[in-house]
Amino acid sequence: MATFIINRCSETPSNWEGPQEKTARMAHNATDFMGNSREIFEKYHIDEELGFALPKPLEELPPPYDEWISIAKNLPELIEKNKLRERVDQLQIHSIDGLKDHKSQRLAHLTLGYITMAYVWNQGDKDVREVLPKNIAVPYCELSEKLGLPPILVYADCVLANWKKKDPSGPMTYENMDVLFWFPGGDCCKGFFLVSLLVEIAAASAIKVIPDLFKAVKNEDHNALQKALRYIASSLKQARKEFEKMHKHVDPNTFYNVLRIYLSGWKNSSKLPKGLKYEGFSDTPREYAGGSAAQSSIFQCFDVLLGIQQQSGEESAARFLQEMRKYMPPAHREFLLSLESGPSVREFVLSKGDTELQADYNECVKAMVSLRNYHLEIVHKYIVRPSCQQDNKGTGGTDLMTFLKSVRDTTKSFQLEK
């Protein structure tokens, strides 16, 4: 999602299939959205209300994995006392065979991700470790392979699976929510992850109308299409309102000088130029990007849906965003591929020459532009201004302002002329 100020993954089918197989897959995926909505969401691990967020994440793991939970729950204190690495070094290697279900595996991946970031960066970026010990590296890499995620803390961990309700029967509001684990930085950590989640959920509420939208295009039903487009625009505008909570709950200096460090990866990193060695699993260091808003499926979802195509090229936004899909859960990557195989909403609206339909489409694009404009404002406040230097790179390793302006400007160019 656009709030992140910004490997060992199974390859997507398009990397290996032939033309006939690809055509068959596209035809099959396109028909997915003509079926039952609930079945569609189950297939792609999407919740009708929460979108790509993990519903009701687990908070505890059974022995022996409770050792990991104990460390993750006490990270700030262990780091402050400089005891974190000592505690991790004392751990036994645990087989992941006891993690049977998806939610247990997601909690374990979140937990090991927190521990890994803390072990590498410890009390800041002055004392960096280039090797992750095997007692953490082996189970983390094996679990990552099972989940189809890289062995680094990703957006799907720290935002989508790192939350709970204080009152289980209460609303999904900031006041009634908390994170499962913390980094140093106090409430800044909670604020950053939870506001990101609330933005994600607000936008994700529009996912439920995607089947209606595709059916409307197929049946050339203008009224149904307008209704779906207006719902999408409304959801994106609500996401923009949720985004404003960042100012209230996240302090710029704490974010930049403390939390940002623990979200940094080891790809294009001056501190870890060769990457991180996962002891016992890989003989050579591996490079992975840190948590990035581009790892959120929700905004790539609406780009695809609206036919917004980012600029291509060797160092392009499109290339970076495509790379970031490797950091998404496989079911969510597959969902984006399926959307790409569906009918083109943009081409349909263009072909009809209906000014009212074009206006509704443009409202969706404008809402995306508004979100990306606001993201630029947030980045300037939380990254550029505190940095007081030219090296304004996000946790994902990109030149932030250049990248975000490119994405925003390209999005704006996809408004239709009336």
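**First stop: a helix pair**

Select H6 and H7, whose crossing is left-handed (the near helix is turned anticlockwise from the far one by less than a right angle; helices are DSSP runs of H or I, at least four residues, numbered from the N terminus). On the H6 side, the contact (heavy atoms within 4.5 Å) includes His 102, Leu 112 and Thr 116, and on the H7 side, Ile 136, Tyr 140 and Leu 147 are among the residues involved. H6 spans residues 102–121 and H7 residues 134–147, and they pack at about 135 degrees with axes 10 Å apart.

A note before moving on: this is a predicted model, where local features need pLDDT of at least 70, side-chain atom pairs count only at pLDDT 80 or more, and totals for chains, interfaces and linings use all residues. Residues are numbered from 1 along each chain as its sequence is written, and side-chain values use heavy atoms, leaving out hydrogens and water.

**Next: the core**

Now select Tyr 114, Phe 183, Phe 193, Leu 225, Trp 266 and Phe 335, the residues with the most contacts inside the largest nonpolar core, which has 139 residues (buried Ala, Val, Leu, Ile, Met, Phe, Trp, Tyr and Cys joined through side-chain atoms within 4.5 Å; buried means under 20% relative accessible area with a 1.4 Å probe, protein chains only). Helix H18, residues 355–387, gives the most to this core, with 15 residues. Zoom in on Leu 225: beyond four places in sequence, its partners include Leu 213, Val 345 and Leu 357.

Asp 303 sits in helix H14, residues 297–306. Is Asp 303 buried or exposed? Asp 303 is buried, at 6% relative accessible area. Beyond four places in sequence, Asp 303 contacts Ile 308, Gln 310, Met 368 and Arg 372.

Note on methods. Helices (H or I, at least four residues) and strands (E, at least two) are DSSP runs, numbered from the N terminus. Buried means under 20% relative accessible area, exposed over 50%, partly exposed in between (1.4 Å probe, protein chains only). Axes are lines fitted to C-alpha atoms, for helices over the stretch in contact, and angles run from 0 to 180 degrees between N-to-C directions.
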